[in-house]
Amino acid sequence: MPLEFLQSLSEMQIVGELTVLSLLVGGLIMAVGLVVAKIVKILFYKYYAPTLPKDTAQNLSKIIYFGIIIISFLAFTSSQGIDLSGLLVAGGIFAVVIGFATQSVVSNLISGVFLMLEKPAKHGDTIQIPDMNISGTLLDIGTFSSKIRKFDGTIIRIPNEKFFTTNIRSLTSSAVRRADVTVGISYKDDIEHAISVIKEEIQISMPFVLCVPEPEFRVEELGDSSVNIQVLVWHPRDDWSQAQPILLTTIKRALDKSGIEIPFPQRVIWGAKD
Amino acid sequence: MSKSESVFSPFGIYEVKDTLCLSLPNTEIKIERMGDNAFSYFRKDSEGNIVEKMIPSKSNELELEMAPIKPLNHPAKRTENIFLKFDKEIYLSENSAASIFVHCPIEIGFFLIHDSKRDPLDWVTCNPINSRFGLYGTPDTGTLCKYAEVSLATDFDDSIPYVEGVMKIIIENTLNVGHTVSKVVFPIVNNSLYYEDSKTIIDGIKVIMKKRAMVSIADIKINSLETNWTKSPTWETSTTNTNMEMGID
């Protein structure tokens, strides 16, 4: 009975030599190919990916996955007796048209390849793209686009062409980073004393600030209302949140404790006598 | 042990039946039974941080070991290297060697004991002000380290309870010029710690200053101690790297 059913399917022609049975076999090949590609991808992630750098693992998994699908597709076409050389000729005719139509797609694809080769940043790096005012963690450099998780938790997709041609500032390429703020003290206060109390407070209450190189103090400007001191401290690269956002608070606390004035803008007006 | 030290709990193994209170400088630990097979853990440290945990237990009793651990956890685990800056520089003339004892900061770990295994439960530092980071090298290529300014110790018995252990450092200058040594930087993760009462000693290191090609380097290797003091459990997973090379500057 099943044999007779298959026989009937093989006799049902769709186009030319293409029968319902051969189409079913082709579909089965593609389905098996997809399942195998998925399984191989999962096994790769489970057993081999942990030993590789994250970006290399992702790129390799994509190559393996799409490689198996392409092989399945070739097996499918040959099982259907489809001659791909004709398709190539047709492709040649439309190549110019498609080329114009998919200019940006191809540009993104090639940029993606260059990004994978050049590796301006790795997966998981904290980066900043000043031109686009984007900062966050690089999640993926994909075939056509790259994804960045911004610090507000949202994910932004950037076409590879733009990502490749823009300036990328890596915030995690070295072991340490520097935080800096500027604070003004009044003209009547002693600069050396102010620096000494700020330094002491930083040492006591900011455990992530490095002792070597030690905090640096520069008298930046003799301003209209205050003597402006720039404070520069180094911290481990992943602990920006433990340095930059609390540095001013720490400095203000130190100055308040010592009675050093942080002056507000003021203007002295002299009245002329008749 | 001085009178002030004696009020603090010594390192060692403690059995908890109902309540256990451990006292450390500016730190208090309390473990209490909550039920038949559960205990509560409370810690208040010198910075005012409070940590509370619940510990389910298979048996009716709880065994806990308090022991010194490497100073790598406070304020956060970021590195396995330590940068010891000597308070006095050591001058070594050509082809000479020196053996010194230095104080090295420690932290204190609490381990749960079951089936003769030690599981890390918690850690504290009794000297948070001096638990800081430092960079060895330049900002672009340097190595992040835990940083401590250390003084020379007289011998292994000179440990400062709960705060600093003693480490022996052998420095050998095989170069044909004299050198002043003001610091050592090395991965401390493979150095073992040993304790007795409230004192700590640490596996030493041997620093050999030598020439490789045209560059002067300091080759650092661990010198394991042979002692009858109790060996501390390991908090970190040790790595296979047992030596380090640093430049001489």
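In chain B, 69% of the contacts between residues at least 6 apart in sequence join residues at least 24 apart; a contact here means C-beta atoms, placed from the backbone, within 7 Å. This is a predicted model, where local features need pLDDT of at least 70, side-chain atom pairs count only at pLDDT 80 or more, and totals for chains, interfaces and linings use all residues. Residues are numbered from 1 along each chain as its sequence is written, while chains are lettered from A and ligands numbered from 1 in the order in which they are written.

Chain B has 1 helix and 20 strands, taken as DSSP runs numbered from the N terminus (helices H or I, at least four residues; strands E, at least two). A few overall values:

| Property of chain B | Value |
|---|---|
| C-alpha span along the principal axes | about 70 × 40 × 35 Å |
| Share of the 249 residues that is buried | 35% |

Buried means 20 or more other C-beta atoms within 10 Å of a residue's own, with C-beta atoms placed from the backbone.

Now for the hairpin. β4(B) (residues 38-44) runs antiparallel to β5(B), with 7 bridges joining them; strands pair if DSSP finds at least two bridges between them. A38(B) has P56(B) as its bridge partner. In the turn, with 5 residues between the strands, G48(B) has a positive phi of about 85°.

As for the neighbour, 16 residues of chain B contact 12 of chain A. On chain B's side, β11(B) (132-136) and β12(B) (143-150) are the elements that give two or more residues, and β11(B) gives the largest share, 4 residues.

Note on methods:
Contact = placed C-beta atoms within 7 Å. Buried ≥ 20, exposed ≤ 12 C-beta atoms within 10 Å, placed from the backbone.
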